[in-house]
Amino acid sequence: MVDTIYNMPNSLLFIFISFLTIVISFICTLLVHQFIPMSYRYRENNALVSVSAMIGVIYAILVGFTILYELNNFNKAEQAEIEEAKTAFTVFRLAHMLPEQNGSKIRVQILNYLQNTIENEWPSMIQGKHVNNDGVIILEKIFKELHVVKNTKLKDIQLNALNNISLSTSTLFNFHQDRVSKLHSSLSPNLWFVILLGTFLTIGINFILGMELRLHLVCISGVSLIVSAILFLIITLDRPYRGDFPIKPNTFQSTLEYLNLHKNIEKDIAA
């Protein structure tokens, strides 16, 4: 059910949340009018309005902090995509300083890593599917090649490049793991429980207000819509790689295009 919701298009997701919230609100409001006398609810309106205002303020603070947290995670995911591609470019560039036989193998693996990320991993992430281990295998091949280079006689500048490549490859591995881990929700079940409880209380306190039925249904619809919009925003921000406007591998694509062009230029110069 959670995967189904997270994979919905934004428009359908908003309609689904709004429809579900309004239907539940209508049913609860009708039940209140059926079983709790209007006169009793009307006498307690002042107290109900005060409690409603207090719950609304607490709910607004909770939602505000949650949305700020989600926005921060979304921005981090965007920045991580840029940093991962930049790190891959750094490894490719430094590999030119190693012995050509080893450096060329590392450069080929970096190109494979970028291509695998664009063509295999990102489509799987957009659909919320499991990401295969091809990216990790490629990075392990780079580590093995670095180990081979380490056992050869190197100049000081090559040794320095080898150390920087090792560090950058380790960083690349961490970026890869962080990206894959963000495929799922970043909000814990406990936090979702608090948000949904606050949502229910915010709407629920308005069910028992002493109002004429038609006006009551109109007001409860407005409250339900604004709460639905809040839930929609939280879910949208909680799925940075899914939905209608996911984070895209633009930096990976531009880096791969540049490196392929750079490789072709090198071939032309060598020829």
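Analyst: S18 is buried, because its relative accessible area is 6% (buried is under 20%, exposed over 50%, partly exposed in between, with a 1.4 Å probe and protein chains only). Leaving aside residues up to four places away in sequence, S18 touches L225 and S228 (contact means heavy atoms within 4.5 Å). The model is predicted, with local features needing pLDDT of at least 70 and side-chain atom pairs pLDDT 80 or more, while totals for chains, interfaces and linings use all residues. Residues are numbered from 1 along each chain as its sequence is written, and side-chain values use heavy atoms without hydrogens or water.

Helix α2 covers residues 10-35, and V23 is also in this helix. V23 counts as partly exposed because its relative accessibility is 32%. Together with F19, I27, L31 and F35, V23 forms a nonpolar patch on the surface, and the accessible area of the five residues comes to about 520 Å². Patch members have over 30% relative accessible area and no salt bridge; nonpolar side chains (Val, Leu, Ile, Met, Phe, Trp, Tyr) are joined within 5 Å, like charges within 9 Å.

Rings of Phe, Tyr and Trp (its six-membered ring) pair if their centres lie within 6.5 Å; planes under 30 degrees apart are stacked, over 60 edge-to-face, the rest tilted. The count by this rule is four aromatic pairs. One of them is between F14 and F232, an edge-to-face arrangement with the ring centres 5.5 Å apart and 75° between the planes. F14 belongs to helix α2 and F232 to helix α9 (residues 213-237), so this pair links distant parts of the chain, 218 residues apart. F14 is partly exposed, given its relative accessible area of 30%.

A further pair involves W122 and F252: the ring centres are 5.8 Å apart and the planes stand at 55°, so the pair is tilted. W122 is in helix α5 and F252 in helix α10 (residues 250-270), and this pair too links distant parts of the chain, 130 residues apart. W122 counts as buried because its relative accessibility is 1%, and F252 is buried with a relative accessible area of 0%. With Y241, W122 and F252 form one aromatic cluster.

Charged contacts come next. The structure holds five salt bridges (a side-chain nitrogen of Lys or Arg within 4 Å of a carboxyl oxygen of Asp or Glu). One of them joins the side chains of E84 and R179 at 2.8 Å, N to O. E84 is in helix α4 (residues 45-94) and R179 in helix α7 (residues 156-181), so this pair ties together parts 95 residues apart in sequence. E84 and R179 are both buried.

R179 also meets the side chain of E121 in a salt bridge, at 3.0 Å from N to O. With E121 in helix α5 (residues 100-126) and R179 in helix α7, this pair ties together parts that are 58 residues apart in sequence. Like R179, E121 is buried.

Another salt bridge is between E212 and R214, where the closest N and O atoms are 3.4 Å apart. E212 counts as partly exposed because its relative accessibility is 41%, while R214 is exposed with a relative accessible area of 65%.

Finally, the whole chain. The protein has 10 helices and zero strands, in the order α-α-α-α-α-α-α-α-α-α from the N terminus. Its radius of gyration is 27 Å, well over the 18 Å of the globule rule for 271 residues, so the protein is more spread out than a compact globule (the radius is taken over C-alpha atoms; the rule is 2.2 Å times the number of residues to the power 0.38). Along the principal axes, the C-alpha atoms fill a box of roughly 90 × 30 × 25 Å. Of the 271 residues, 41% count as buried. Among contacts with a separation of 6 or more, 82% are between residues 24 or more positions apart. The accessible surface is about 15200 Å², and 66% of that surface belongs to carbon and sulfur atoms (Shrake-Rupley method, 1.4 Å probe; for residues, only the protein chains shown count as cover).

Methods:
Helices (H or I, at least four residues) and strands (E, at least two) are DSSP runs, numbered from the N terminus.
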